[in-house]
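Colleague: Hi, could you walk me through this chain? I have a few quick questions.

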Amino acid sequence: MSPEPSARGAETLAMVKAALRWMFTRTDALELWTRAPEGNLGARALARAIGGVLECRLKRGWVMDHATIPAEIYSLKIQDWMRSATDLEAVGRGFHDRLESEYERLGAVIEMHDDDDLHDRNVGIAVEMIKGGQVGKATVFYNRFASMARYKPMSIVSLNPVAIDFQEAILIVADDSFWVACTRSQPEQVGSV
């Protein structure tokens with residue numbers, strides 16, 4: 001039995017991309033696998049459309065009508081997903097804009113780095129992971145990028161409340177937002193939004 005036409009095409013692809021975002025930002029998942037049973041062209045096309053990589057073909061990969069049939073196994077690693085996930089740069093730019101307004105609120109004079117889409121993408125994924133409760137994962141993935149791209153690393157100060165130190169300032173994260181608690185230039189300041 002084939003899926004209804006409404007469960008195919010662009011709507012299905014959008015739903016799967018949203019599920020991938022959820023898995024990679026709100027769980028500890030680093031790699032996802034799926035099966036495409038022999039003859040199921042839609043499953044294979046969807047696995048490829050999301051950037052899935054063929055890992056192997058199994059002779060006994062699926063059971064259909066009480067018979068074992070072959071299946072292809074596809075994987076998607078978080079690093080591959082991160083390169084193609086939409087709007088992560090916008091999330092990163094939004095973070096930087098908010099950070100700049102926090103510095104202004106505190107009267108802190110901190111030089112911001114030049115615009116950098118790749119940095120914004122990596123900040124965006126870190127922000128999404130932190131919002132999703134994956135603070136440790138966010139720190140690992142951001143610092144991995146930062147060490148190669150020569151940005152300053154971040155570190156976890158506290159998990160309850162979530163407090164992040166990224167060398168110029170300490171951020172407190174709560175209720176899907178953040179504020180700068182203090183900056184290195186003015187460590188005695190404590191602010192809230």
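Colleague: How much of the chain counts as buried?
Modeller: Of its 193 residues, 41% count as buried, where buried means under 20% relative accessible area with a 1.4 Å probe, protein chains only. Keep in mind that this is a predicted model, where local features need pLDDT of at least 70, side-chain atom pairs count only at pLDDT 80 or more, and totals for chains, interfaces and linings use all residues. Residues are numbered from 1 along each chain as its sequence is written, and side-chain values use heavy atoms, with hydrogens and water left out.

Colleague: Which elements does the chain have, and in what order?
Modeller: There are six helices and seven strands, counted as DSSP runs (H or I, at least four residues, for helices; E, at least two, for strands) and numbered from the N terminus. From the N terminus on, they run α-β-α-β-β-α-α-α-α-β-β-β-β.

Colleague: Is the chain spread out or compact?
Modeller: Spread out: its radius of gyration is 21 Å, well over the 16 Å that the globule rule gives for 193 residues, so the chain is more spread out than a compact globule. That radius is taken over C-alpha atoms, and the rule is 2.2 Å times the number of residues to the power 0.38. Along its principal axes, the C-alpha trace spans about 70 × 30 × 30 Å.

Colleague: Switching to α1, which residues are buried there?
Modeller: Thr 12, Val 16, Leu 20, Arg 21, Phe 24 and Thr 25 are buried in α1. An α-helix has 3.6 residues a turn, so residues three or four places apart point the same way.

Technical notes:
Buried means under 20% relative accessible area, exposed over 50%, partly exposed in between (1.4 Å probe, protein chains only).
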